[in-house]
Amino acid sequence: MKNPEEIYAILKEKFGEEKVELKEDAKVVPWIVAAPDSIKEVTKFLRDDDGLDFDYLMCLSGVHYPKDNSLGVTYHVNSTRKKHSLTLKCIVPEDNPHVQSIESVWKTANWHEREVYDMVGIMFDGHPDMRRILCPDDWEGHPLRKDYKVQEYYRGMKVPY
Amino acid sequence: MVETLEQFLPHPLLAIIMHAALPMVIVFPYVLFAVWLERKVSAHMQDRLGPMRTGGWHGWSQTIADMIKMIQKEDIVPSRSDKFLFKFAPFLAFMGAYAAFAVIPFSSEYIGAHLDVGAFYILAVTSVVTLSILMAGWASNNKWSLLGAMRTSAQIVSYEVPTVVAVLSVIVATGTLNLMTISEMQTGTIFNWLIFSNPFLLIAFVLYFISSLAEVNRTPFDLPESESELVGGFQTEYSGMRWGMFMLTEYADMLLVSLLGSVLFFGAWNSPFGDFMSGPVWGVFWMVSKGMFFIFVMMWLRWTLPRLRVDQLMDVCWKYLIPIAFINLVLVALWEMLF
Amino acid sequence: MKRYFKDIWDSFYTIAIGMGVTFRHLFRKSVTIQYPDIKPELTERARNRLYVNMDDCIGCDQCSKACPVNCITIETVKAVPPDDLGVTSTGNPKRLWVTKFDIDIAKCCYCGLCVYPCPTECIKMTDVYEFSEFDRHNLVYNYSTMTPSEVEEAKGKFEKWQADKAAAKKSSTEKKKEGSEKPKAKQQESGEGKRSDSPEDKKSES
Amino acid sequence: MPELRTEEMTINMGPQHPSTHGVLRVELVLDGEIVVDAIPHIGYLHRCFEKHSESMNDYQQVIPYVDRMDYVAAMSNELGYAIAVERMLEIEVPERVEYIRVIMAELQRIASHLLAIGTYGLDIGAFTPFLHCFRDRERILEIFESACGARLLYNYIWVGGLSHDVPSNFKDKVRDFINYFPPKIKGYNDLLTYNKIFIDRTADVGVLPPEVALNYAASGPVLRGSGVDWDLRRNDPYSIYDRFEFDVVVGKGEMGTVGDCWDRYIVRVREMEQSVRIIEQAVEQMPDEGDVKAAVPKRIRPPEAEIYARTETPRGELGYYIISDGSMSPFRVKGRSPCFVNLSVLPAISRGSMIADIVAIIGSIDIVLGEIDR
């Protein structure tokens, strides 16, 4: 059982401050922001380290922050054996949204990442099957972006009925 | 029987047609009744009521209404199907089922064709149903249908073996293939029935019943249709009356194997009480009621059991039924030799 | 070999047990009812078709705002002084002509969220559940009791009143030479323009 | 003789198929009847739950949408959402509300599991258990209907409380049900669970080893069926689940391998017994008096914060990731639906099985498409 601060201390020692950063002022639970190009390493370490032992990726969500013109991926990880959980985040700019895929770390990320790509439009580098999952393959735009405008016609069908 | 008809009818051909159509008098009302019964049996087993509206008492005319509806329905033929085979298959299926009724002795006075190879004829002619199912599945140009059709042919071809061996046990015991002769041999009280004449024939009957379930594609062997896997199997593309013909065939087949079962093991048209309630007309009654009993058991099984998987179906056939059937055949023969 | 016979025995035994269960059920009383002949009694909290008692509606738009699927459309026109709309049965004064109160019951999700905020308890869910229609447009229920001509009349009166008021104000401002703030009730403009976003406004008027 | 040419057949199972429990499409690559690959395609029931939530002008308004995610276990969905928002608002709900919520959630678990095992029987080909399950589920729905007026989509558990107090005869009704129900489980077991054909169809089929289950973040009966002792009600207690005594049921591989379809199935059957136990205790302890709306906030305006709250629904871990920007409407609501995650296991466990097994596997995962597609 470790709290986020302790986990952060371990991560900082391993990866250095430029890769991971703790947001202590966050309400409810603090989270750790990791660099998008090292998220795979970080998560792999989280999973394999005996002291941390995060074996369960609870949730992976994409968020659009229109204020900062950025997109974010939030990872909620949990350890079934050590009983602690952690919130990790990756923030990427809106115009070049690339995050490393963690599909190889936790298989469950496969569909979650596809969903994030579909809904928010973040590209996951190294994902084996980067297709849309909920919307049709030829859908335009990413619906969960705050500035999303629904397309007028989809294959000749009027969309906003 | 034909001779009697010829006396009343102007042309001998007419008499033959009349004669051939007689089982229809039983088969059609029976199918209407059986479909209704199936619904009622299933409903009550599931704490429901089933059809209650059409016709008044417990919805007795529901299937008649359904049939009228089916006749009126649009005849949909998929555009990419093999049109001729697609249209012809349901009728071929019914032909196969109906032709088999020719050698069933409905009563001491009526049998369609007094064939000396009656049992053999039935086993041969029912295979036409397989053919038609295969035709239907292939002609539909639908992968699900094809899978269903392939399953059927594999299934029926396999299950024909235990059926034949089980029937063979009876033939070993009786020494004839003529179903009328077999029926006549069982005249008398219930103890003259073949099933009680030889303990191993009881096993033969169980084998016969199980494999005939598979032959008529009833649960737990309803893989050709297997609604929850193959949508509707070979029937997927059928609708309206053509689908109705398959339905008719299924129920006619059920009746056929039930009647054959009662001929081979349960004294055919003989009354269980010796001379009491026996005679040509009572014969029909006994025959049909024995058949209905087995049909009820089939329904009962259907609404109780889940469905087997294809490989398990084959396991049941080749690993269990066939070896047991052959051993049983030897035992029946031994018993007949010794007693 | 033992396993072989055990399998056979298991099959027959478990099938027999299952058949016993189904056979017993064959003679049980059924649990279903013959629906159109016998109707189930609904609980008093049953949430089915919406009903609006227009006599009590004050046009406050609370239900429309609470609706998560936007199936309620309300348009109102302020009643001008000579017309007194009276009070509702709960004692709330009615100040608005409800010129349009449409519920698209086809959109309604029967969540009941519109019922709670209503200050006069005039919108409620009834136990009527048989209201299918052949045409989807028939499922848009118009609860407003006003005829189009009455609506026109109310609108005309309001416009006239507004014009009078503006004129009066103009003259008064000319007199006093200083701008006076618009009273809050006046935000309640006619028709479409009236939807304000914060609920405080609504509260003040109800 | 030239070698016989064979080729793989690609076949679409669904979106309209009796055994995909909705509009799931599974693209099957078949070698005869053997499945070479199974690729699920989802999204046919996508209703933009998350987008809708963002456009609501109140947190309470999201609840009818939440209901429609997992429409056969709406109470559990509401409970998860309500807990998430309450944690953000840092409000305590009254004791009585907590008890009612637990009773409702457990009744819902039974109802949902009944549906799951009933339709599972249907998938395997047995029709009768399905209607027997519906018969008993009906009694639960009646209790729900008397409490909130709806039978399926309740909108009952609100942020900070409940929409109505329970009716006065609620306790008796629940007691009636928990007396009536346990003998019925034996009926299902006789009819289906221990039927030889059923066991043959489900044992050793779709084996999901525990490591794989964890790696795929499977949850609920799917995870427990693989022998992982993990239940949020005990491991991460929410509401007042820490007050009750119950066992976490795990699959033991009684009929075959640990983690096969039969194990997933039996976990559900036995979980119903445990739910009855919880309800029994909750009904005894529940206070008779108390206002259920006391803590319902007039206006829900959480501080600028974000939360991930998870609860154990009948299908597994339902998480809500809610971000608030301090306004009346949520900034982002993400539903981590258990079925979505559980279904992603399908390709991994279905290779090499037969078409009929695919049906068995999908059924044993117990998916609800409304929740997968949201």
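This is a short tour of a predicted model, going from one chain to an interface and then to a single residue.

The model is predicted, so local features need pLDDT of at least 70 and side-chain atom pairs count only at pLDDT 80 or more, while totals for chains, interfaces and linings use all residues. Residues are numbered from 1 along each chain as its sequence is written, chains are lettered from A and ligands numbered from 1 in the order in which they are written, and side-chain values use heavy atoms, with hydrogens and water left out.

**Stop 1: chain B**

Select chain B and colour by secondary structure. Chain B has 14 helices and zero strands (DSSP runs, numbered from the N terminus: helices are H or I with at least four residues, strands are E with at least two). Its C-alpha trace spans about 60 × 55 × 45 Å along the principal axes. The radius of gyration of chain B is 20 Å, which agrees with the value near 20 Å for a compact globule of 339 residues (taken over C-alpha atoms; the globule rule is 2.2 Å times the number of residues to the power 0.38). Of the 339 residues in chain B, 57% count as buried (under 20% relative accessible area, with a 1.4 Å probe and protein chains only).

**Stop 2: where chain A meets chain D**

Now show chains A and D. The contact (heavy atoms within 4.5 Å) takes 39 residues from chain A and 39 residues from chain D. The area buried between them is about 3400 Å², and carbon and sulfur atoms give 60% of it (accessible area, 1.4 Å probe, that two parts lose on being put together, summed over both). Select A:Y56, A:W111 and A:L134: these supply 22% of the area that chain A buries against chain D, more than any other three residues.

Next, select A:E115 and D:K334. Their side chains meet in a salt bridge (3.4 Å, N to O); the rule asks for a side-chain nitrogen of Lys or Arg within 4 Å of a carboxyl oxygen of Asp or Glu. Three salt bridges are found across this interface. On chain A, β3 (56-65), β4 (70-78) and α3 (109-119) each supply at least two residues of the side that touches chain D. The largest share, 10 residues, comes from β3(A).

**Stop 3: A:V77**

Finally, select A:V77, in strand β4 of chain A. Is A:V77 buried or exposed? A:V77 is buried, with a relative accessible area of 0%. Residues that A:V77 touches include A:F54, A:Y56 and A:W106, not counting residues up to four places away in sequence. A:F54 is 23 residues from A:V77 along the chain, and their C-alpha atoms are separated by 6.4 Å.

Technical notes: Buried means under 20% relative accessible area, exposed over 50%, partly exposed in between (1.4 Å probe, protein chains only).
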